[in-house]
Amino acid sequence: MEDSIAVNEAVSEEDAAAIEAVPQKKQKKPINQAKLQDNLWGWIFCIPLIVGTVWFVYICLIMAFLLSFTNYNIINGGDMFAYMGKFSEHIHPQGAFYWYKFAFTNLTKTSYPMNELGAYLFNTVFYMIGIPIGMVLSMFFAVCMSRDIKGGNVFRVLYYLPCVASTVSIVYTFKLMFSQQGVMNGILGLKSFDNGGGFQWINLNGTTDLAWNTIIQKTGGTPTSQSAFMNDPYWCQGIFTKLVIIVMSVWKGLGGTIILYIAGLSGVNAATKEAAQIDGANGWKIFWKVTMPDLYPVIFYNIVTSVIGGMQIYMEPTLFIGEQYITSGYVSLIQMNGIKAGKSSQGAAYGMILAVIIFALTMFQFWLDSRNKD
Amino acid sequence: MENMENVENNVEQPVVQEEEQYSALSYAVGAVLAFFGISSKTHRASKKRAKFVGDIFTYIILLFGTFLMVYPFWWMIAASFADTTDSASATQIIREIVWWPTRSTAGSAFSSTHAGGLFWNYRIFFTEGLTVVNDDFTFWRALLNNLLYSIVPVVVGVITSASAAFSFAKINWIGRNAVFYFLLAAIMVPGPSIMTAQYAMYHGLHWQENGLVLIIPGMFGSIMTAFFIRQFLFGLPTSIIEAAKIDGAGYFRIFCGFILPLAMPAIMAQGLLSFMGCWNNYMGSYIMIPDNSNAVNLPHAIAKMDGYGGGGRYASQNYAAVIAGSVICVIPVMVLFACFQKLIISSLMLTGSKE
């Protein structure tokens, strides 16, 4: 009891002090204390993320941008920051834009009638065939799953399994499934191809003479020794490997897109659908005229992220058959020149070109989007 | 009323019109179509029947798709039990698998000629497989690396992301929006294009031989995670925080006592997703960590067994060991996903991210 009285007294004393203090402190704005706390703690909570982003993204971006004008080599160049400290001394001796010019002019490393950059970019864009295929398939499955059926959630989980699995494991499985005597050739009836050797999906050549002639014979043509199309370097070399990679990436990416579309489909206005049904529209028409316009934002988001991701394809071709100009994506160019060979400046220049391409593609898509809305 | 319903639900309800006469054939076709839930000129199918038939088709399609999704995993498991002790026919056996290898370790487990046991390929993978990286490298080292690379950055990173999200969502401070958009803009920078500069920087910091390169950057949190947790925190009432403030709790106390427990679903989901990403992070290890160092992670070590396109020691003779390693690599994420699938899927549906 005594304690509480004492406390009360203390409180009342404090109160009195506060009342006395208020008129004096009026010009100093006593609310500032709370605002100060807000500002202080706001920054403190943010600081790790800000430091991380600035350090590992922005500083590296600036460094990569500046590196692309120099001739830095990681093996004998010493510390990068020390090297970049004397940036003006280290600009590339053959002009600041040497590596950019080099990227667009060197024709030496491929047997194609195009430069290295073009060859790798062609592969990257080729792999993007998988995007529309995956979108149509996942839309189909998403519409099936969002029907009023029992166990829809189970399917959702099962279709998402490939997304969580490691790419390394998946690639090795697919590699063996698509091998010459593998299960895929068994299904497609190609085991007897090439005199019983089986059709070779994963190789860097075009089709062999024998394989080509078998295709020609099956379609009713007369076999020729060397077809022009067969020898066409970049359309035909490694094309079946590329197809296997597309199949694999569609298979692996399907589940994520399905979940995206299911989320979108559950947001479609049910009342509009019902109204359309009463007006006599069939399911097909409802899908195109009611569901699709409502799904448009989801589809647009999916296209944008898929294109950004597709431009950065790297792991699948590398794991399937290694890095070379026939199958590898653009990122391999950065990896091979900038990291494996140690020519950081060249890699940085290729990286800047990639960033510009991705940015331009994204802006182009947003421009198309804005034009659609008008 | 009951009569009316019966009439509506009647499957074969002939719509006889007096002016038009239908031939027996079209009438029969119409009846069959109505049985399968499709309305035609002669018969109108009931809605119930149409839904029933549609459901059956949906199930067939979805089950077929499920088969396509699950079969490679089954194939992977089957291949990991292929008996490849006889190296002459080893490649052939593993390539010809459809459902189960013609000679499996299960079949020859107890025979005297192929003494290996059921998990022979796994044993090879555990004992000698990963020495392709270097002589001291063992499976346990790879597992330890993988756990280190996926648990430490994810746990610390999710907490730092959550703290940043709390600050962005619930605290008013000067320059908050500017900082937020400054951070958000970093998402637009493609990873590969700054790869070389990052590599040179980590090289200078000597983070590559010891694997710190896959730990430290992740510990600072990720912007996407912070963004999603921020969206989640906007849904929480601010009055809780104000009440706590009036009761005298500081911001740190509010964060630990209120925000972390309340935002746990979002934090868990994001943490699990980034755990899976880190566990499977082949690219980070392959690019940043030297091939023969002890710091490579499990997918990288398995990829080295294959030798990038068929040149590895195991590619020609004992590919089953590589596949066994693949199974080992997939199992932890699968188990985790199976345990938390509801949380993960609902979080994916909420945020719309695909990773």
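Trainee: How many helices and strands are there in chain B?

Mentor: Chain B has 17 helices and 2 strands. Keep in mind that this is a predicted model.

Trainee: And what share of chain B counts as buried?

Mentor: 42% of its 355 residues.

Trainee: What about contacts in chain B between residues at least 6 apart in sequence: what percentage join residues at least 24 apart?

Mentor: In chain B, 65% of those contacts do.

Trainee: Switching to the interface. How many residues of chain A and chain B are in contact?

Mentor: On the chain A side 84 residues, touching 81 residues of chain B.

Trainee: Which helix of chain A gives the most to that side?

Mentor: Helix 2 of chain A, residues 32–67, which contributes 21 residues.

Trainee: What is that side made of, by class?

Mentor: The side of chain A that touches chain B has 57 nonpolar residues, 23 polar and 4 charged.

Trainee: Now confidence. What ipTM and pTM does the predictor give the complex?

Mentor: The ipTM is 0.84 and the pTM is 0.85.

Trainee: And what is the mean pLDDT of chain B?

Mentor: The mean is 83, with 86% of the residues of chain B at 70 or more.

Trainee: Which elements of chain B have the lowest and the highest mean pLDDT?

Mentor: Helix 1 of chain B (residues 2–9) has the lowest, 48, and helix 6 of chain B (residues 139–170) has the highest, 93.

Trainee: Where in chain B is the pLDDT below 50, then?

Mentor: Over residues 1–8 of chain B. Beyond near neighbours in sequence, that stretch has 1 contact in the model.

How values were computed:
Residues are numbered from 1 along each chain as its sequence is written. Chains are lettered from A and ligands numbered from 1 in the order in which they are written. This is a predicted model: local features need pLDDT of at least 70, side-chain atom pairs count only at pLDDT 80 or more; totals for chains, interfaces and linings use all residues. Helices (H or I, at least four residues) and strands (E, at least two) are DSSP runs, numbered from the N terminus. A residue is buried if 20 or more other C-beta atoms lie within 10 Å of its own, exposed if 12 or fewer, and partly exposed in between; C-beta atoms are placed from the backbone. Two residues are in contact if their C-beta atoms, placed from the backbone, lie within 7 Å. Ala, Val, Leu, Ile, Met, Phe, Trp, Tyr, Cys and Pro count as nonpolar, Asp, Glu, Lys and Arg as charged, and the others, Gly among them, as polar. pLDDT is the predictor's confidence in each residue, from 0 to 100.
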